Amino acid sequence: MDSRSVSSSCHHALNEPYVHKVGIPPKQNLFKEFKATVKETFFHDDPLRPFKDQTRSRKLILGIQAVFPIFEWVRDYNLSKFKGDIIAGLTIASLCIPQDIGYSKLANLDPQYGLYSSFVPPLIYAFMGSSRDIAIGPVAVVSLLLGTLLQNEIDPIKNKVEYRRLAFTATFFAGITQATLGCLRLGFLIDFLSHAAIVGFMGGAAITIALQQLKGFLGIKQFTKKSDIVSVMHSVFASIEHGWNWQTILIGASFLSFLLFAKFLGKKNKKFFWVPAIAPLISVILSTFFVFITRADKQGVQIVNHIEKGINPPSVNQIYFSGDYLLKGFRIGVVAGMIALTEAIAIGRTFASMKDYQLDGNKEMVALGAMNVVGSMTSCYVATGSFSRSAVNYMAGCHTAFSNIVMSGVVFLTLEFITPLFKYTPNAILAAIIISAVLGLIDIEAAVLIWKIDKFDFVACMGAFFGVVFASVEIGLLIAVSISFAKILLQVTRPRTAILGKVPRTTVYRNIQQYPEATKVPGVLIVRVDSAIYFSNSNYIKERILRWLTDEEERLKAASLSRIQFLIVEMSPVTDIDTSGIHALEELLRSLEKRDIQLVLANPGPVVIDKLHASNFADSMGENRIFLTVADAVASCSPKLVEEV
């Protein structure tokens, strides 16, 4: 143990009050320090704690439960939970079936592939997922993103088979990306996409998705492949004379009104949560029956036509494991997988906090990755947690992930027996269902709150929103990520600094902007640095402190007051310092010596004080200029003021 300590006095007068010394932490073993850092970075939740002091057989059981949480909660399963899960599963199934058919169109795939993606992935997730409330399946944003990125590579109409193969390849790599992040415990990477950017991206995607549905809603046959608002609206109004079909508009508008009213009723009275959940299926049944008996399809009303019957065919042999499309599928899969992961984790954390249980983010990533890898081999495209379905699942009283199994069972029966009945389903009703579903993604209240809290966050939000609406989904995503990283870089490279003053009738020193009544100490300038000092900001911090000093000297000179003799740097917020930071302090010290001003440090943390000694900076500036508190520094450097107080 190294028991070094630093003296903390500027004046060695006999009557000087006792001042505490700044302690120096004992030297740490380099390997142990590195091990502790790695553990805190990747294993902060201590996942191996349950395995401590357990028998070998018990460890085996715990290991199985860690990979397959179903074996943990199934032990406490009872009839009451079973009833809740059955009701919830049937309810979300009634919602997912019409949504899946519509979402597959967003991905430019045949309707059955949306249903396939709500059959196999939910089964895998039910065994491996740790969330009790997430409902798994295709979602609007990921479907649109996948469809947009895929059609940039392959035409979905002219090269249907190759397009489908690339979709399965992207799904495979999306799953690999998600599972890899979970296994390597790199879940913190998804946190780099800020909440504000996600709000803007989701809102922009919702607008884009709704605009895309105008093709089916208005009965337009020739429609732009671009997703930006200018191209879409030009395509819509260019076909107003000959492209619109009034029967289609009547069907779409009628049932959209019904769906919005059902959603309003469900929000107004929580007892009617099942109304907006079952409304899409009712709409599909009624509109299909109406088209069938009136043969409106003969009048230009576009219908779904044939949906292939039967459960998921294997698709392992359709995945590109070599060739030019391998890298393209990998790139698209990584992007789609990250967005799907961000949405699912956000949804899972939301409902976990509402029910007061812990959600293991890394387990979730492994579960989501596994279900997408298996899904890619069984004709599914990227699936994730759906917010609308998860909300219905929660409101319906689900208790465990068994509700996903129930939903999957209903989808299985639909694929085996009911798909022929969807032949006369009008595209307008699918467009209405998607429009009503994505409107919930536009969170105006969240945007207003972001504006009130942080203007830079609002810029990120609006940048992502307008990027998606006026350019494309991938451009909006790129803007969202870029602004999020720009904010991080700005905060790192331009940390806050503040001048401190003494709060009256206390020994506390605080920011004079926050506490206008705080007074400056004559002859002393006190500056606080609110960040670690690294190579990225060390030069800025040094220059900013010197600018504070220059401004203060000019003010004192104009007021004919005594000049600055001491510069005290409050280092409580400085959690770390590197070599560049030490050099910046050395340059600051030399600059101050030329001005005949003494540099004083207050309360450096254990890491900082250790590095100050290791670099010999503490010796060069003088150990008697390092203090435990700002009050101690002022008391030693300006004793007359202390006596007056």
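The following conversation walks through a predicted model of one protein chain.

Visitor: What am I looking at, and how many helices and strands are there?

Guide: This is a predicted model. The protein chain contains 27 helices and ten strands.

Visitor: What size of box do the C-alpha atoms fill?

Guide: Taken along the principal axes, the box is roughly 105 × 70 × 55 Å.

Visitor: And what share of the residues is buried?

Guide: Of the 645 residues, 52% count as buried. The accessible surface of the chain comes to about 31000 Å², and 62% of that surface belongs to carbon and sulfur atoms.

Visitor: What about contacts between residues with a separation of 6 or more?

Guide: Within that group of contacts, 80% are made by residues 24 or more positions apart.

Visitor: Which helix gives the most to it?

Guide: Helix 2, which covers residues 56-67, gives the most, with three residues.

Visitor: Where does F68 lie, then?

Guide: F68 is in the loop between helix 2 and helix 3, the latter being residues 70-73.

Visitor: Why is F68 called partly exposed?

Guide: The relative accessibility of F68 is 31%. Partly exposed covers the range between buried, under 20%, and exposed, over 50%, so F68 receives that label.

Visitor: Now a charged residue. Is E364 buried or exposed?

Guide: E364 is buried, and it has no salt bridge. The nearest side chain of opposite charge is that of K363, at 8.8 Å. E364 is found in helix 15, residues 361-376.

Visitor: What is E364 in contact with, apart from neighbours within four places in sequence?

Guide: Its contacts are Y125, G129, S130, S131, I134, I345 and L359.

Visitor: Changing topic: in what order do the strands of the open sheet run?

Guide: The six strands of this sheet are arranged 6-5-7-8-9-10, with mixed pairing.

Visitor: Why is one side of strand 6 and of strand 10 left without a neighbour in the sheet?

Guide: Strand 6 (509-511) and strand 10 (626-627) stand at the edges and each has a single partner strand, so one side of each has no neighbour in the sheet.

Visitor: How many bridges join strand 8 to strand 9?

Guide: Five bridges join them. Strand 8 (residues 566-570) and strand 9 (residues 598-602) run parallel. As a place to look, I568 stands opposite V600 in strand 9.

Visitor: Back to single residues. What is the phi angle of R185?

Guide: Phi of R185 is near 55 degrees, a positive value in a residue other than glycine. R185 sits in the loop between helix 8 (160-183) and helix 9 (195-212).

Visitor: And what is phi for R505?

Guide: For R505, phi is near 65 degrees, again a positive value in a residue other than glycine. The loop between strand 5 (497-502) and strand 6 holds R505.

Visitor: Which of these arginines is buried, and which is exposed?

Guide: R185 has 11% relative accessibility and therefore counts as buried. R505 has a relative accessible area of 82% and therefore counts as exposed.

Visitor: You mentioned helix 8. Where is T169, and what does it touch?

Guide: T169 is in helix 8. Leaving out residues up to four places away in sequence, T169 touches Q318, I319, Y320, Y325 and G329. With a relative accessible area of 0%, T169 is buried.

Visitor: How far apart in space are M202 and I526?

Guide: They are 45 Å apart, C-alpha to C-alpha, and 324 residues apart in sequence. M202 lies in helix 9 and is buried, with a relative accessible area of 13%.

Visitor: What does M202 touch?

Guide: Not counting residues up to four places away in sequence, M202 touches V141, E343 and L441.

Methods: Residues numbered from 1 in each chain as written. Heavy atoms only, no water. Helix = DSSP H or I, 4+ residues; strand = E, 2+ residues; numbered from the N terminus. Buried < 20%, exposed > 50% of the residue type's maximum accessible area, 1.4 Å probe, protein only. Lys, Arg positive; Asp, Glu negative; His and termini not counted. Salt bridge = Lys/Arg side-chain N within 4 Å of Asp/Glu carboxyl O. Contact = heavy atoms within 4.5 Å. Pairing = 2+ DSSP bridges. Areas by Shrake-Rupley, 256 points an atom, 1.4 Å probe, with all protein chains shown as cover.
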